[in-house]
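Please keep the chain and its model open while reading these notes.

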Amino acid sequence: MTDPLTNANVRMRPLPHLIFMSRWLQLPLYLGLIVAQGVYVWHFWVELVHLVEAAFGNQDALALIVAAVTPPGQAASTATTPSETVIMLVVLGLIDVVMISNLLIMVIVGGYETFVSRMRLESHPDQPEWLSHVNASVLKVKLATAIIGISSIHLLKTFINAQAYDEKTLLWQTAIHITFLLSAMAIAATDRLMPHARGAKATGGGH
């Protein structure tokens, strides 16, 4: 059976065909994000190994994780075992890496599916639930939600170690988080209103 997409491309004039095929220029960008995903996986395991080693008394690993969670300009702790606060901050850092990794997956898979080419995963058992109805608008809402989650983790890390930060820093981080939240709400509200506007227009045309 002849592929209708192939026939469609053959019938296209040269210039529209060239413009349409230019979407494949985005492919190296998504491949680059896959490499970035690999870097985050490596970073996650390095931090996790350091945390486990520090819990078992490795002083070099303890110094590394304490330095990682100590704000710039603050003196690092000299304790010989990781405190509950240090462990919590390291774990939040690991969660942050996971959430950024999830964001990368949404951009890679959703962006490729929306802007480059269909992946045809309809019969695949591991197809993400959201991918079946993804479009540019849905992708923007999901990305905004993911960014809010990442911002929440950073804000939580700051408040857990609040004594190390000045009031101005705390206020600015809170204000930035609220800005992300309001932006996501605005994007979601716009996405919710757009189908109603199209429906109302179609109804008016029917009369």
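1. Is Glu-113 buried or exposed? Glu-113 is buried, because its relative accessibility is 8%. The classes are: buried, under 20% relative accessible area; exposed, over 50%; partly exposed, in between (1.4 Å probe, protein chains only).

2. A caution on sources. This is a predicted model, in which local features need pLDDT of at least 70 and side-chain atom pairs count only at pLDDT 80 or more, while totals for chains, interfaces and linings use all residues. Residues are numbered from 1 along each chain as its sequence is written, and side-chain values use heavy atoms, with hydrogens and water left out.

3. The salt bridge. Glu-113 pairs with Arg-118, and their closest N and O atoms lie 3.3 Å apart. A salt bridge here needs a side-chain nitrogen of Lys or Arg within 4 Å of a carboxyl oxygen of Asp or Glu. Arg-118 counts as exposed because it reaches 53% relative accessibility.

4. The fold. The chain has seven helices and zero strands. Its pattern along the sequence is α-α-α-α-α-α-α. Helices (H or I, at least four residues) and strands (E, at least two) are DSSP runs, numbered from the N terminus. Of the 207 residues, 28% count as buried.

5. The largest pocket. It holds about 470 Å³ of space. A pocket is an open set of points on a 1 Å grid over the protein atoms alone, where a 1.4 Å probe fits, with protein on both sides within 12 Å along at least five of seven lines; lining residues have an atom within 4 Å of a point. The volume is the space filled by probe spheres set on the points.

6. The pocket lining. It comprises 24 residues, and Ala-68, Gly-93, Asp-96, His-154 and Lys-157 lie nearest the pocket centre. Helices α3 (27-55), α4 (59-69), α5 (84-116), α6 (136-160) and α7 (167-206) each supply at least two lining residues. The most come from α5, with six. By type, 13 are nonpolar, eight polar and three charged. Ala, Val, Leu, Ile, Met, Phe, Trp, Tyr, Cys and Pro count as nonpolar, Asp, Glu, Lys and Arg as charged, and the others, Gly among them, as polar.

7. The nonpolar patch. Ile-147, Trp-172, Ile-176 and Phe-180 make up this surface patch, with about 390 Å² of accessible area together. Areas use the Shrake-Rupley method with a 1.4 Å probe. Patch residues have over 30% relative accessible area and no salt bridge, and nonpolar side chains (Val, Leu, Ile, Met, Phe, Trp, Tyr) are joined within 5 Å. Helix α7 gives the most, three residues. Phe-180 lies in α7, and Phe-180 is partly exposed because its relative accessibility is 35%.

Methods:
Patch = residues over 30% accessible without salt bridge, like charges linked within 9 Å, V, L, I, M, F, W, Y side chains within 5 Å.
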